[in-house]
Amino acid sequence: MPVCQRAALPTGLDGRIGTNFLTTLVKFTGLYVDPWVRALQSSEFRSADRLQLVELFKYLEFCLEQVVKDNELGALTEALNGQYTEPGPGGDPIRNPSVLPTGKNIHALDPQSIPTQAALKSARLIVERLLDREKDNNGGKWPETIALVLWGTDNIKTYGESLAQVMMMVGVKPVADSLGRVNKLEVIPLEELGRPRVDVVVNCSGVFRDLFVNQMLLLDRAIKLAAEQDEPDEMNFVRKHAKQQAAEMGMSLRDAATRVFSNSSGSYSSNVNLAVENSSWSDESQLQEMYLKRKSFAFNSDRPGAGGEEGRDIFERALKTVDVTFQNLDSSEISLTDVSHYFDSDPTKLVQGLRTDGKAPSSYIADTTTANAQVRTLGETVRLDARTKLLNPKWYEGMMSSGYEGVREIQKRLTNTMGWSATSGQVDNWVYDEANSTFIEDPEMAARLMEANPNSFRKLVATFLEANGRGYWEADPEKGVE
């Protein structure tokens, strides 16, 4: 913020930005009318409940004050002087405004305290919307297996929301003990659940494995508990598939119900993202082999000290039954093409190759950045991401204003978009067409990109050529990259 603007803001008694004392005094005289009241008087909300609006805008005013109370430098100075720094939670300020103001000594959470009851409530809603949408798109049939990813930092920010989603899918409820540690499980009766128990294939990130190994074992217990319920196969897909796999592999039902996987100890990611970023892969089968080789280490609650054990056979057999792939977006700060981790963990085309019928699974993304969580298809989410960022003039001009690094961000986003083409095939041709028109065909824009960062511009051109060469972009011969 410019100095002239900062000086015009009211300040509190401690010198921080706050509420103007004179305005507060005038409010008590009854002569002052809040700006939001004046605005609503001439709108469709003029008949809204005034008392509820007063409480709402008081809270919004409080949140605004916390946002502008930037105390990071002040807290740093105090810490360097050996003074006390107030602790506070970290995370997304939209999801949890109590992380503000900034400048606190940030802490995360007790790993054994998740999922919380709030996370469980949110997870139940998301799972219902996911299953309903897939049922509507699949002729009224329930999905039998869902493959999903658990991220470490995301579960910290949401207090175990995606962890709770897995439990809701299989119809098991986590229960906390008297100390608040979530270490007990209760089976939700089918009458209460109102649908079949859906089988899952859970792939945990390396960070999740490091932070929440106890919750991984709790998940394994939950899935095996569901598999052991004496229920009809058409109402318990976990049991149905575990029985089939136990017979095929000659193992116990509990071992066949292994569904929680990650990297081996000390290993992170599938490295699919690195291969895509460096153009060091020959075909999609090579990427899929990398995923299977690195992400197939099973975590078994019956052998809690063993850590991740190689379990590729059961991993592949479980993936063969997958009807839906699913991931969560829980922060407004990061979307599908901001980072490469999301497509790095996407098994959509892999599942299609493993299934005996060759059918591509449906792919969904849950957007939980607001209280009204939305479940969209992966294709819808990629299109939304392209429109709001890569192809949005406000976004790319903002990047261009950053010079060298901004051009690199544009190039990286296109590379990540191609990554989704490689793992899911859910990127529409027009995304490449319009990106090419915006960044390559426009001679003025191309010159700006080349001048600001020649290396990233060349990589941008190479990515378009690679997308065309691999069949992800059917370029118009008259408009293709020359």
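Predicted model: local features only at pLDDT ≥ 70, side-chain atom pairs only at ≥ 80, totals over all residues.
A residue counts as buried when its relative accessible area is under 20%, as exposed when that value is over 50%, and as partly exposed in between. Keep that cut-off handy, because serine 269 comes in at 19% relative accessibility and so counts as buried.

**Two cis peptide bonds**
- Start with the bond from leucine 100 to proline 101: it's cis, with omega near 0°.
- To find proline 101, look in the loop that runs between β1 (87-89) and β2 (105-107).
- Another cis peptide bond links isoleucine 114 to proline 115, and here omega is about 0°.
- Proline 115 sits in the loop between β2 and α6 (117-137).

**Two serines with positive phi**
- Serine 269 isn't a glycine, yet its phi is positive, near 65°.
- You'll spot serine 269 in the loop between β7 (260-262) and α14 (272-278).
- Serine 279 isn't a glycine either, and its phi is also positive, at about 55°.
- The loop holding serine 279 lies between α14 and α15 (284-294).
- Is serine 279 buried or partly exposed? With a relative accessible area of 34%, serine 279 is partly exposed, because that value falls between the 20% and 50% cut-offs.

**The buried side of α15**
- Which residues of α15 are buried? They include Leu287, Tyr291 and Leu292.
- These residues cover an arc of only 135° around the axis, so they end up on the same side of α15.
- A handy bit of background: an α-helix has 3.6 residues a turn, so residues three or four places apart point the same way.
- What covers the buried residues of α15? Among the elements doing so are the strand β6 (199-204) and the helices α14, α16 (312-319) and α17 (341-344).
- The cover also includes α18 (348-354) and α21 (404-423).

**A buried lysine**
- Lysine 389 belongs to helix α19, which spans residues 378-390.
- Its relative accessibility is 17%, so lysine 389 counts as buried, being under the 20% cut-off.
- Which side chain makes a polar contact with that of lysine 389? It's the side chain of aspartate 338, at 2.8 Å.
- Leaving out residues up to four places away in sequence, lysine 389 touches Glu333, Ser335, Asp338, Trp395, Tyr396 and Arg413.

Terms used. Residues numbered from 1 in each chain as written. Heavy atoms only, no water. Helix = DSSP H or I, 4+ residues; strand = E, 2+ residues; numbered from the N terminus. Buried < 20%, exposed > 50% of the residue type's maximum accessible area, 1.4 Å probe, protein only. Arc of directions from axis to C-beta. Contact = heavy atoms within 4.5 Å. Polar contact = N/O pair within 3.5 Å; in protein donor to acceptor, adjacent residues only side chain to side chain.
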